[in-house]
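Here is a walk through one protein chain, from a single side chain out to the whole fold. Start with the structure itself.

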Amino acid sequence: MESLPLFSINWWEFIKETFEWTFAFIWLIFKILLPAWPLALLAAAILAIKYFLNRKPIGKELDSKPRRASPEVQELARLLENYGWKPELEKWDGFKHIDIAITQARVNIEVDGRQHNRNAKQALADLKRTYYSFKKGYLTLRIPNVLVHDATVIQETAEFIDKFLRENNDQLNDPSR
């Protein structure tokens, strides 16, 4: 078999055949992968739906983790226990943590520091949280931090909260209302 000299090759024919073979190869790969595209799209849609159904509101991922109540909140809860209430500390209601929840009286108690009164964004967030609790049938008592720092004042605060809880409980259980 004779080899052809390089100059005797029909370059246009060579380029045409190379293009045809390349196109045929790409078309073959495309035809093989084409049936897989609907499956890939279906899998992507299922994953997206699963993600959106299982996700939490933005910023709430960290909020639902257990937190520890401050010593003042713990002391106030202990004093309320002495009055016969069953306080739940840092109770997660699906939206926020509640410092002290008294579910039998349908009252949430929030002990607020200074930032709750000085920052408009924080005050508005507190108002929204209070509204959320109200929609669920709970009253929210907001206790300034200054009422839980001193031993005498915290005792007086607990006494008044007990009075409030008893009156609220009486109203909840009054059939004439």
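Arg-78 has a relative accessibility of 38%, so it counts as partly exposed. The scale is simple: buried means under 20% relative accessible area, exposed over 50%, and partly exposed lies in between, with a 1.4 Å probe and protein chains only. The model is predicted: local features need pLDDT of at least 70, side-chain atom pairs count only at pLDDT 80 or more, and totals for chains, interfaces and linings use all residues. Residues are numbered from 1 along each chain as its sequence is written, and side-chain values use heavy atoms, with hydrogens and water left out.

Arg-78 has a partner. It forms a salt bridge with Glu-75, and the closest N and O atoms are 2.6 Å apart. A salt bridge here is a side-chain nitrogen of Lys or Arg within 4 Å of a carboxyl oxygen of Asp or Glu. Side chains of opposite charge can pair when their charged atoms come close. Arg-78 and Glu-75 are 3 residues apart in helix 3 (residues 71-82), so about one helical turn separates them. Glu-75 is partly exposed, because its relative accessibility is 28%.

The structure holds 5 salt bridges. One of them joins Arg-129 and Asp-126, at 3.2 Å from N to O. Both residues lie in helix 5, 3 residues apart, about one turn of the helix. Arg-129 is partly exposed, at 28%. Another salt bridge links the side chains of Lys-96 and Asp-93, at 2.7 Å from N to O. Here Lys-96 is buried, and so is Asp-93.

Now step back to the fold. The chain has 6 helices and 4 strands. These are DSSP runs, numbered from the N terminus: helices are H or I with at least four residues, strands are E with at least two. From the N terminus on, the order is α-α-α-β-β-β-α-α-β-α.

The 4 strands form an open sheet in the order 1-2-3-4, with mixed pairing. Two strands pair if DSSP finds at least two bridges between them. Strand 1 (88-92) and strand 4 (139-144) are the edge strands, and each pairs on one side only. Neighbouring strands of the sheet are turned by 40° against each other on average, direction ignored. Strand 3 (residues 107-112) and strand 4 pair in the parallel sense over 6 bridges. Within strand 4, Arg-142 is the bridge partner of Glu-110.

Two helices can be followed onto this sheet. Helix 5 (residues 120-135) packs on it, touching strand 3 and strand 4, and its direction makes about 145° with that of strand 4. Helix 6 (residues 151-173) also packs on the sheet, touching strand 2 (97-102), strand 3 and strand 4; its direction makes about 170° with that of strand 4. Axes are lines fitted to C-alpha atoms, for helices over the stretch in contact, and angles run from 0 to 180 degrees between N-to-C directions. Contact means heavy atoms within 4.5 Å.

How is the chain as a whole covered? Buried residues make up 23% of its 177 residues. Among contacts between residues at least 6 apart in sequence, 55% join residues at least 24 apart.
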